[in-house]
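I opened this notebook to keep track of what I looked up in one protein and DNA model. The sequence and the structure come before my entries.

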Number of protein chains: 2
Amino acid sequence: MTEIPIPAPTAHQLFEKLELAIHEHQLAPGTKLGEDDIGDIYGVSRTTVRAALQTLSHQRLVEHKRNRGAFVAQPSVREAREVFEARALIEPRTAYSAAERASPEDILKLQAHIDAEHEALADGNHGRALYLSGQFHIEIAKIADQQTIETFITQLMSRSSLIVALYWQRRAAMCESHAHDALISAFADHDGPRAEELMKNHLVDLVTSLDLRNKVSAPLSLKDALSR
Amino acid sequence: MTEIPIPAPTAHQLFEKLELAIHEHQLAPGTKLGEDDIGDIYGVSRTTVRAALQTLSHQRLVEHKRNRGAFVAQPSVREAREVFEARALIEPRTAYSAAERASPEDILKLQAHIDAEHEALADGNHGRALYLSGQFHIEIAKIADQQTIETFITQLMSRSSLIVALYWQRRAAMCESHAHDALISAFADHDGPRAEELMKNHLVDLVTSLDLRNKVSAPLSLKDALSR
DNA sequence: GTGCTCAAAATTGTATACAACTTTGGTTAC
DNA sequence: GTAACCAAAGTTGTATACAATTTTGAGCAC
């Protein structure tokens with residue numbers, strides 16, 4: 001059997017791999033991300049790993065503990081509340097703008113997102129379904145054509161993904177909701193006020209489905225988590 | 001004359017130096033930030049410079065042009081509009097919360113900020129006055145006790161600083177306004193609605209004092225800008 | 001068994017070296 | 001005079017090396 005050399009990922013590609021692994025809950029909050037360990041797994045030097053980890057750290061997906069190393073971030077209960085308060089402040093208005101601007105192509109794109117989400121669910125890939133449902137919110141910001149707001153929402157979705165991993169007790173609940181379908185309908189009607197209200201309620205539903213008392217995370221070792 | 005060796009800055013210290021230099025308009029938008037140049041000036045290696053530039057890049061204070069190098073960011077007119085739209089979405093509500101929560105110590109802190117701002121103005125240090133007036137907005141987010149929102153506002157202030165450098169035709173105008181004094185008064189009265197309204201108007205005033213038609217920047221060379 | 005000491009291991013931060021890729025400017029052919 | 005081409009310089013991205021700091025753990029005293 002001939003070994004086909006896998007090209008080493010660039011720093012940015014490594015960042016994207018790790019980001020996705022965190023978003024899809026392959027890497028649980030609290031998992032240690034040793035620079036040497038990651039370098040060995042992906043065949044890159046610590047320089048490359050450090051660049052990727054720094055980017056993840058800026059996005060607050062990983063936390064650096066002084067002289068202990070990098071870990072997948074574990075948002076506190078307080079941070080969890082703040083993230084959803086911020087989303088409640090920003091996203092309804094964004095949905096309003098998106099509803100006013102949405103083109104037929106935009107609607108189709110959103111629908112495709114939902115379809116992919118359902119497909120992942122059918123495959124039992126809950127992590128991916130969760131990731132896609134987050135992307136749905138980012139797509140809305142794109143439709144609103146507000147790049148600055150979009151970067152904020154992207155950051156909030158990243159944090160939300162970690163929060164869900166830590167505090168979500170009943171994972172099935174979210175995906176069963178048809179809040180996203182209702183939003184699409186409002187977009188199709190260009191009904192800004194309705195989209196705003198739907199988004200507001202959707203976020204309230206999300207918060208109330210969290211249990212901010214208990215953490216339910218179970219950090220795995222790095223290589224166990226990445227070898228699937 | 002004995003040379004006293006200046007300790008080389010750490011990557012994070014270098015980042016802070018450059019961040020401040022940009023915020024205070026020592027480094028104009030468009031200034032090229034060569035890795036070797038900065039390394040020579042501060043006596044550090046490219047590794048350290050790259051780490052600092054990556055952080056600045058993530059904050060969108062610098063832009064990396066492919067194989068051309070790093071430059072102090074030049075927000076486009078579109079970005080300028082978006083930044084102030086985002087501020088209009090976030091800051092009034094934050095001011096409302098801050099007014100409800102402000103303690104007497106908070107008020108004193110804000111007052112001290114304004115005093116320092118006036119002092120800088122009296123010294124003719126417009127760059128520093130502008131920086132301090134930005135910090136005032138961040139202090140409000142701190143009082144509102146919303147760390148997530150605070151990071152967003154911090155990012156928006158960074159961008160605003162660049163926008164002011166590029167599009168502000170009459171620099172004196174802002175600093176003469178007493179909008180910040182009025183806000184403090186509303187905070188002292190714990191008058192949330194008034195604070196929200198004042199902030200809203202303050203932001204409108206800021207936008208209208210911009211001239212989004214012309215860029216008024218004049219990038220200097222790096223070492224000229226930093227040797228003052 | 002508990003607590004202290006010290007050495008070994010681990011980890012970070014930074015410097016240096018090097019290869020690949022662009023851009024640039026000058027030279028040459030036409 | 002113009003266009004193509006090639007070489008040189010500049011720049012980036014990554015690997016490796018090394019010093020400094022901190023954690024860890026084993027051994028020992030009590």
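**Entry 1: ground rules.** I noted that this is a predicted model, in which local features need pLDDT of at least 70 and side-chain atom pairs count only at pLDDT 80 or more, whereas totals for chains, interfaces and linings use all residues. Residues are numbered from 1 along each chain as its sequence is written, chains are lettered from A and ligands numbered from 1 in the order in which they are written, and side-chain values use heavy atoms, with hydrogens and water left out.

**Entry 2: the sheet of chain A.** I looked up the strands (DSSP runs of E with at least two residues, as helices are runs of H or I with at least four, numbered from the N terminus) and their pairing (at least two bridges found by DSSP between two strands).

Entry 3: Four bridges join strand S2 (residues 62-65) of chain A to S3(A), where I found A:His64 opposite A:Ala70. I also noted that S2(A) and S3(A) form a hairpin with three residues between them, and that A:Asn67 in the turn has a positive phi of about 60 degrees.

**Entry 4: DNA strand D.** Which residues are the closest to DNA strand D? I counted as near any residue with a heavy atom within 4 Å of the strand, and of the 15 residues that surround DNA strand D the closest are A:Thr10, A:Ser45, A:Thr48, A:Asn67 and B:Gly69. Sugar and phosphate make up 59% of the atoms of DNA strand D that come within 4 Å of the protein. For polar contacts I took pairs of N or O atoms within 3.5 Å (within protein, one must be able to donate a hydrogen and the other to accept it, and residues adjacent in sequence count only if both atoms are side-chain atoms). A side-chain N or O atom of B:Arg46 lies 3.0 Å from a base oxygen of DNA strand D, while one of B:Arg50 lies 3.0 Å from a phosphate oxygen. H3(A) gives the most to this surface, with three residues.

**Entry 5: DNA strand C.** I found 15 residues around DNA strand C, among them A:Gly69 and B:Thr10. A polar side-chain atom of A:Arg46 is 3.0 Å from a base nitrogen of DNA strand C, and one of B:Thr48 is 2.6 Å from a phosphate oxygen. H3(B) gives the most to the surface near DNA strand C, with three residues.
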